Number of protein chains: 6
Amino acid sequence: MTRHDGRAEAQLRPVQIDTEYLLHPEGSVLITVGNTKVICTATIEEKVPGFLRGQGQGWITAEYSMLPRATQTRTRREAAAGKVTGRTMEIQRLIGRALRAVVDLEALGERTIWIDCDVIQADGGTRTASITGAFVAMTQAIAKFADAKALPKFPVTDYLAATSVGIVEEIGAVLDLNYVEDSAAAVDMNIVMTGAGRFVELQGTGEEATFSRDELNELLALGEQGIAELIDIQKQALGDIAERVGK
Amino acid sequence: MTRHDGRAEAQLRPVQIDTEYLLHPEGSVLITVGNTKVICTATIEEKVPGFLRGQGQGWITAEYSMLPRATQTRTRREAAAGKVTGRTMEIQRLIGRALRAVVDLEALGERTIWIDCDVIQADGGTRTASITGAFVAMTQAIAKFADAKALPKFPVTDYLAATSVGIVEEIGAVLDLNYVEDSAAAVDMNIVMTGAGRFVELQGTGEEATFSRDELNELLALGEQGIAELIDIQKQALGDIAERVGK
Amino acid sequence: MTRHDGRAEAQLRPVQIDTEYLLHPEGSVLITVGNTKVICTATIEEKVPGFLRGQGQGWITAEYSMLPRATQTRTRREAAAGKVTGRTMEIQRLIGRALRAVVDLEALGERTIWIDCDVIQADGGTRTASITGAFVAMTQAIAKFADAKALPKFPVTDYLAATSVGIVEEIGAVLDLNYVEDSAAAVDMNIVMTGAGRFVELQGTGEEATFSRDELNELLALGEQGIAELIDIQKQALGDIAERVGK
Amino acid sequence: MTRHDGRAEAQLRPVQIDTEYLLHPEGSVLITVGNTKVICTATIEEKVPGFLRGQGQGWITAEYSMLPRATQTRTRREAAAGKVTGRTMEIQRLIGRALRAVVDLEALGERTIWIDCDVIQADGGTRTASITGAFVAMTQAIAKFADAKALPKFPVTDYLAATSVGIVEEIGAVLDLNYVEDSAAAVDMNIVMTGAGRFVELQGTGEEATFSRDELNELLALGEQGIAELIDIQKQALGDIAERVGK
Amino acid sequence: MTRHDGRAEAQLRPVQIDTEYLLHPEGSVLITVGNTKVICTATIEEKVPGFLRGQGQGWITAEYSMLPRATQTRTRREAAAGKVTGRTMEIQRLIGRALRAVVDLEALGERTIWIDCDVIQADGGTRTASITGAFVAMTQAIAKFADAKALPKFPVTDYLAATSVGIVEEIGAVLDLNYVEDSAAAVDMNIVMTGAGRFVELQGTGEEATFSRDELNELLALGEQGIAELIDIQKQALGDIAERVGK
Amino acid sequence: MTRHDGRAEAQLRPVQIDTEYLLHPEGSVLITVGNTKVICTATIEEKVPGFLRGQGQGWITAEYSMLPRATQTRTRREAAAGKVTGRTMEIQRLIGRALRAVVDLEALGERTIWIDCDVIQADGGTRTASITGAFVAMTQAIAKFADAKALPKFPVTDYLAATSVGIVEEIGAVLDLNYVEDSAAAVDMNIVMTGAGRFVELQGTGEEATFSRDELNELLALGEQGIAELIDIQKQALGDIAERVGK
C-alpha cells in the first residue's frame with residue numbers, strides 16, 4: 001500500500017518560499033507546502049509587554065488565523081464568534097515559543113516581534129508550515145532592523161523549521177502528513193528542530209490511540225530528515241542573509 | 001498639479017482579477033487594484049437565516065477582514081480584540097446589500113451565499129475592490145451551482161461593480177482614490193452601479209467638509225465612467241459565464 | 001394614489017423640538033417627528049481621545065440606542081446581548097461625522113462632545129431625527145460652555161439637519177418616510193445638509209432595487225426643501241442662541 | 001435640622017403616573033417621583049423560558065437601564081461596555097421577583113411578561129420608582145390581554161409598590177430619599193409591600209455602618225405609611241382597571 | 001411536623017472552621033456548615049481601586065464562585081460562559097459590603113483586601129457561610145499584616161457573621177436553611193450582624209409569597225440567636241487573635 | 001548538587017488520592033502531589049456534543065481551573081476576565097484527549113463524561129496531577145454507571161497516568177518537577193502513558209532552550225518509571241474497581 005498522493009514514506013511535499021510577498025511588512029513570505037499556503041509576516045515594534053519592561057530583552061509573539069474558505073467547508077470567523085478557539089491559541093503559543101528558542105532576546109533589545117501567520121489554503125500541516133515560513137519572514141525583518149539600528153550582534157542564533165510525522169494505518173510511519181493522512185492517522189507528532197539538529201518542541205499525540213517507544217524512534221528519525229531538507233530550502237530563500245544566522 | 005501617482009483625474013489604477021484563485025471555494029478570485037489586493041470567495045449553503053425560513057427565497061451575506069499587515073502599521077486582529085469594529089460592520093453590510101441588488105433571490109431558492117473578502121494588502125478602496133471582486137467570485141459559484149442543480153433561471157440579473165471618487169485639494173474631483181489621496185480628500189464617495197448604469201449605493205461623505213450640488217454631479221460622472229471600465233474587466237474574467245448574466 | 005398618512009409627497013411630518021428637556025445635561029432636547037421621538041443630549045468633557053491628544057483640537061462622538069419598546073415588537077437590549085449591532089454602529093458613526101462637519105474643532109479646543117440619542121418611540125427616520133435634534137442640544141451645550149470659558153470664537157459654523165427621502169411604489173419620490181413607507185420603499189436615501197445648502201452626507205440605497213440618475217435628482221430636490229424647513233424649526237428652538245451660529 | 005428639600009421626615013416627594021405614555025407597548029407609564037423619571041413598559045409574549053416550558057404557568061422578567069445623562073455626570077452605556085453591571089442585575093432581579101409576588105402565574109398561563117424600566121432622569125429611588133411604575137404598566141397590559149383572551153381569572157392578586165427609607169445624619173429616619181440624602185445616608189432600606197400591607201422584599205444595608213432593632217422598627221413604620229400613599233396614586237392612575245386587582 | 005434533617009427550628013447545622021487551610025494565602029479557612037463547604041481566602045494588596053486613590057483609606061472586595069459539581073447536577077462554569085451571573089454578582093457585592101462594615105478603612109490604609117469564596121460543596125446557605133468564613137480569613141490576614149507593618153490600630157472593629165432564616169410550610173420559622181428547606185421556603189431572609197448585635201444587612205424575600213410584620217419579628221429573633229452562636233465559633237477559630245478585634 | 005527539596009532525581013513527591021471526596025459527583029477525588037492539590041470530579045451526562053449525535057459513541061471533555069489563591073500571588077479569575085486563557089485551553093484539551101485514549105467510546109454509548117479539575121493549591125505539575133486524579137474519578141463514575149446500566153463491557157481499557165520530567169541546570173534530568181524546579185528548567189516535558197507502557201501524549205518544550213536526542217532518551221526513562229509508580233497508587237485508590245479496568 002502506498003501513500004494517498006503517491007509519495008514515499010520519507011518524502012516531503014513540494015515546498016516553496018516566496019519572500020517579500022507583501023508591500024508593507026518588514027518581513028513577509030508566502031510558504032507553500034503541497035496545497036497548504038500560509039502568508040507569514042514579521043513586524044518589529046519598539047516596546048515589550050508589561051512583564052518584560054526594563055529588563056533589557058525582547059519578546060516574540062505570534063498570531064495565527066485561517067481564512068474561512070482555507071478549508072473545504074467554510075469555517076466561522078473567530079472575529080464573528082467573538083473569541084479565539086483553543087486550537088488557535090495552542091498554535092499561536094507554539095509558534096511564538098519555537099521562534100524564541102533561536103533568537104537571542106538580549107541581542108534583540110527591548111522590542112517585540114509580532115509574527116502573523118494567515119492560512120489562505122489548508123491541506124494539513126498548517127502549524128508546521130507557519131513555523132517554517134515565519135522563521136524566514138522574521139529573519140528578513142531582523143536583518144533589515146539589525147542594519148538600520150547597527151545592532152552589534154545578529155540576534156538569530158540558529159535555523160528553525162518544523163514538520164509533522166505520524167502513523168497511518170496500513171502504511172506506518174510517514175513524513176509531512178496532508179489533510180487526508182492527518183485525519184486518518186492514529187498518531188500525530190509535530191517536531192520543531194534547529195539547524196544543529198536539536199529539539200525545540202516535540203508534541204506527539206495518540207488520537208484515541210497510543211504508541212510504543214519503537215514507534216517513537218521511527219517517527220523521530222523521519223522528522224530529523226525532513227527538517228534538514230526544510231532548512232536547506234530556507235537558506236535558499238534567505239539568499240545573502242542566510243549566512244548571518246548564528247554568527 | 002497632477003495626482004500623487006501620476007494618473008489622470010479620470011483614470012483607474014491597473015485592475016486584475018485572477019479567478020479560481022483557491023482550491024476549496026466554489027468561487028474565488030484575487031482582485032488587484034493598484035496596490036490593493038483582496039481575496040474574495042463565495043460559498044453556497046443549503047439553508048437561509050431564520051427570518052427567511054420557508055419563504056422560498058435565498059440570501060447573500062458578506063464578511064470582510066484585513067490581515068494585520070495589510071496596512072502600513074500593524075492593525076490589531078478583530079478576533080484578538082473579541083469584537084468586530086464599526087467600520088468592518090459597515091463594509092460587510094454594504095457588500096451584502098449591494099450584491100443582493102443584482103441577484104434574483106427567488107431564483108436562487110432557499111440558499112445562503114456567503115461572501116468572504118479578505119484584504120491581504122491595502123492601499124485605499126478596499127471596500128469597492130471587495131464588491132467588484134466578490135461579484136465575480138459569486139457569479140462563478142452560482143454558475144457551477146446552477147448547472148449542478150439545473151436551476152431554471154440564472155439568478156444573477158445584471159453586472160455590479162464599485163469604485164470611489166473624491167475631491168482632493170489642489171486637484172479637484174478624481175476617480176479611484178489610493179490611500180494617500182483618500183487620507184487627504186475633503187469629500188469621499190463610494191459608488192456601486194449595475195451594468196445598466198443604475199445606482200445601487202451612493203455614499204458620499206464630507207470629511208469635516210461639505211460639497212455642493214455641482215461637485216456632486218462631477219463626482220457622479222467620474223464614477224459612472226470608472227464602473228463601466230470595471231464591468232468590462234469583470235466580463236473578461238468571467239469568460240464563458242459572462243453572457244449568462246441577466247439572461 | 002396618496003401617501004399612507006395623507007401627506008403630500010413633499011410634506012414633512014409635524015416636527016417639534018422641546019429644549020432643556022432633562023435636568024442634568026448641558027444640552028438636551030426631545031425631538032418629535034410625527035410619531036418618532038428621540039431624546040438627544042450633549043455633554044462636554046475636558047479631554048479628547050488618545051489619537052488627538054496634544055493636537056489642540058476637539059472631537060465629537062455620538063451614541064445611539066432605542067428603548068426595547070420604542071418599536072412595535074420588543075427589540076432585545078444591546079446591553080443584554082453584550083454587543084452593539086452593526087446598524088447601531090453605522091448610525092453612531094453617521095451622527096458624529098455629520099456634526100463634526102459644522103463644528104470648528106480647533107475653536108472648541110481639546111474637549112470631547114458626547115452626543116447621546118435615545119429613541120423612546122420609533123416610526124421611521126430615527127437617525128435623521130437624531131441628527132436634527134442633536135444639533136440643537138449640541139449648540140445649546142456649546143453656547144453655555146462658550147460663555148463659561150469665554151471662548152474667543154463660537155465653534156458652530158453652520159446649521160445642520162437631516163431627513164430621509166425615498167421612492168415608494170405607486171407613489172414615487174417622497175419626503176420624510178415613516179415606518180410603513182420605509183419598509184415598502186424600493187430606494188431609501190438619507191441626506192444631511194448645512195444651512196448653506198451644502199451636502200455633508202448622502203447615503204442612498206436600493207433595497208434589492210436600483211435607481212436612475214433622474215430619480216436621484218428628484219430625491220435630492222425633495223431633500224433640499226425638507227432640510228430648509230427643518231433648519232427654520234431649529235432656529236426657533238434655539239431662540240437667542242440662533243444668531244451665534246456661523247458668526 | 002430639616003431635610004435638604006424642605007420635606008417632613010415622613011413625606012414622599014410629589015408623585016405622578018402618566019399612563020399610555022408610548023404608542024407601541026401594551027402597557028406603558030412615565031412615573032415621576034420628585035426629579036426621578038422612569039419610563040416603564042410591559043410586553044406580553046406567548047412563550048416562557050426553557051425552565052418553565054410545559055408547566056402551565058407564566059413568568060415575569062424585568063430589565064432596567066439608565067440613559068447616560070440621566071445622571072449628573074455621564075454614565076457609560078452598558079451596551080458600549082459590553083456587559084451589564086452588578087448593580088443593574090441586582091435591580092432587574094428585584095423588580096421581576098417583586099412583581100411575581102402579586103401575579104397568579106397559573107392564571108397568566110404560559111406567557112412571559114417583559115418589564116422594561118428606563119430611567120431618563122435620576123435623583124435617587126430609581127429602583128423603587130421602577131417597581132411602583134412597572135406595577136401600573138403591567139396591570140394595564142394584563143387587563144388588555146385578559147380581555148382579548150377572555151382569561152377566566154384576572155391574574156393580578158394585589159397591589160404592589162415600593163419606596164426607600166433611611167437614616168440620615170442629624171435628621172434621623174426619613175422616607176423616600178432623594179440622591180443627596182441617599183449619598184449621605186448611613187443606613188438605606190428598600191421596602192416592597194402589597195396592598196394588604198404584607199412585605200414582599202426588605203433590603204436594608206448599613207453603608208459602612210450598622211443599625212439597631214429599634215431603628216429598624218422606625219424605618220419599617222415610615223415605609224408602611226409611604227407605600228399606602230403610593231398605592232392610592234396607583235389606583236387613581238389605573239382608573240376603571242383598579243377594581244379588577246385581587247378579584 | 002419536624003425539620004427534614006431532624007433539627008429543632010432554632011438549631012444551626014454543625015459548623016466547623018479550619019484555619020490556615022491553604023499554603024499560599026495570608027488568610028485561608030475551610031468553613032463547613034452541615035454539608036456546605038466553602039474555601040475562603042484573604043489577600044492584601046498594596047493599592048486601592050481608582051475611585052479611592054489618594055484618599056488615605058482602604059477597600060475590601062469579594063469574589064464568589066462554585067465548583068461545577070458543588071451542586072447536585074453540574075453547573076456550567078462562568079469562565080466558560082464568558083460572564084458572571086446576576087446571582088454571583090449579588091453575592092459578591094453582599095460579601096464585600098458586609099465586611100466593610102466592621103473594618104476601619106482608614107486604619108487599614110491604602111490597601112485592598114481581596115476575599116475569595118469558593119464553594120466546593122453546596123447544600124444551602126453558601127452566601128452566609130461565605131461571610132462567616134471570610135471574616136475569619138480576613139481577620140487572620142489582617143493580624144499578620146498589622147504585625148508586619150506595625151499598624152497603630154487593629155482595623156477590625158467588631159465581629160461579623162451571617163445566617164439565613166425562613167418560613168417553611170407546615171413548620172414555620174426556622175434557622176439556617178439547608179438546600180431542601182431553602183427550595184421549599186415561602187420566605188427567605190439573609191441576616192448579617194455584628195458582635196454587638198447590630199444589623200449590617202437584612203435581605204428578606206417572599207418567593208412568590210409575602211410575609212407579615214409578626215413573621216418578620218419571629219425571623220429576626222431566630223437570626224439574632226444563630227449569629228451569636230456563630231460568633232462564638234469564630235472566636236475559637238481565631239484563638240489568640242480573637243481578642244484583638246474591636247480594640 | 002541535590003534537588004531543591006532533597007529528592008533524588010528519579011523520585012516522585014508524596015502522592016495521595018482521596019476518593020469519594022465530595023457528596024454530589026458520581027466520581028470525585030482529591031489528589032495531592034507534594035504541595036499540589038487538585039479536586040477532580042466526573043459527571044456522566046446522557047447526551048453527546050452535536051458532531052457525534054447518532055453515531056453510537058460517547059465523548060469525554062475536561063475543564064480545568066485554579067482558585068485565585070492556589071498560587072503564591074493572586075491570579076485573576078477567568079470568569080471575571082470574561083475569557084479562558086490559552087494556557088487553560090491547552091490543559092483542558094490535553095486532559096480530555098488523554099482520557100479518551102483509554103476509554104472505549106462505543107462501549108460507553110452516547111454519553112458525555114465531564115471531567116472537572118479544580119486546583120486548590122499549586123506547586124508545579126497541576127496538569128499531570130489533574131490527569132492522574134481524573135482517571136480515578138472517571139473510573140469510579142464509570143463503574144457506578146456500568147452497574148446501574150448493566151453495560152455489557154467495562155469501557156475503561158487501560159490505566160492512565162501523567163507526570164512531568166525536565167532538565168534543571170546543575171542537576172540534569174529529574175522526575176516530577178515542583179514549581180521552583182519548573183520555573184528554572186531549561187527543558188520541560190509532560191508525559192502521559194498507559195498501564196501497558198505505551199505513550200498517549202508527549203509534550204516536550206525547550207524554554208528558550210533546546211535538547212538533544214540523548215537528553216530526550218534520559219527524560220523518557222525517568223517518565224516511564226514515575227508513571228508506573230503512579231499507576232500502582234491509582235490501583236490502591238480504586239480498590240475493588242481496580243481489576244475491572246481493561247477487562
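Residues are numbered from 1 along each chain as its sequence is written, and chains are lettered from A and ligands numbered from 1 in the order in which they are written. In this predicted model, local features need pLDDT of at least 70, side-chain atom pairs count only at pLDDT 80 or more, and totals for chains, interfaces and linings use all residues, while side-chain values use heavy atoms, with hydrogens and water left out.

**View 1. Chain F and chain A about their axis.** Two copies of a chain are related by a rotation about an axis and a shift along it.

**View 2. The area buried between chain F and chain A.** Here 34 residues of chain F are in contact with 34 residues of chain A. The size of an interface is often given as the accessible area lost when the parts come together. For this pair the buried area is about 3000 Å², with 50% of it from carbon and sulfur atoms (buried area is the accessible area, 1.4 Å probe, that two parts lose on being put together, summed over both). Which residues of chain F lose the most area to chain A? They are Phe199(F), Glu208(F) and Arg213(F), together 20% of what that side buries.

View 3. One salt bridge joins the side chains of Arg93(A) and Glu90(F), at 2.5 Å from N to O. On the side of chain F that touches chain A, the elements giving two or more residues are α2 (86–100), β8 (187–194), β9 (199–206) and α6 (213–238) (DSSP runs numbered from the N terminus: helices are H or I, at least four residues, and strands are E, at least two). The largest share of this side, 8 residues, is from β9(F). By class, its residues are 13 nonpolar, 10 polar and 11 charged (Ala, Val, Leu, Ile, Met, Phe, Trp, Tyr, Cys and Pro count as nonpolar, Asp, Glu, Lys and Arg as charged, and the others, Gly among them, as polar).

**View 4. Strand β9 of chain A beside β9(F).** Strand β9 (residues 199–206) of chain A pairs with β9(F) in the antiparallel sense, over 5 bridges (strands pair if DSSP finds at least two bridges between them). Leu202(A) has Gly204(F) as its bridge partner in β9(F).

**View 5. Chain C against chain B.** Chain C is laid on chain B by a turn of 180° and a shift of 0.0 Å along the axis, with an RMSD of 0.0 Å. In chain C, Gln203(C) has the C-alpha nearest the axis, at 2.3 Å. Between these chains, 34 residues of chain C are in contact with 34 residues of chain B, and the buried area is about 3000 Å². The salt bridges number 6; one of them links the side chains of Glu90(C) and Arg93(B) at 2.5 Å, N to O. Antiparallel strands β9 (residues 199–206) of chain B and β9(C) are joined by 5 bridges, with Gln203(C) the bridge partner of Gln203(B).

**View 6. Glu106(C) in its helix.** Glu106(C) sits in helix α3 (residues 105–108) of chain C. Its C-alpha lies 6.3 Å from that of Gly58(C), although 48 residues separate Glu106(C) and Gly58(C) in sequence. Apart from neighbours within four places in sequence, Glu106(C) is in contact with Gly56(C) and Gln57(C).

Technical notes: Contact means heavy atoms within 4.5 Å. A salt bridge is a side-chain nitrogen of Lys or Arg within 4 Å of a carboxyl oxygen of Asp or Glu. Copies are superposed by least squares on the C-alpha atoms of residues with pLDDT of at least 70 in both.
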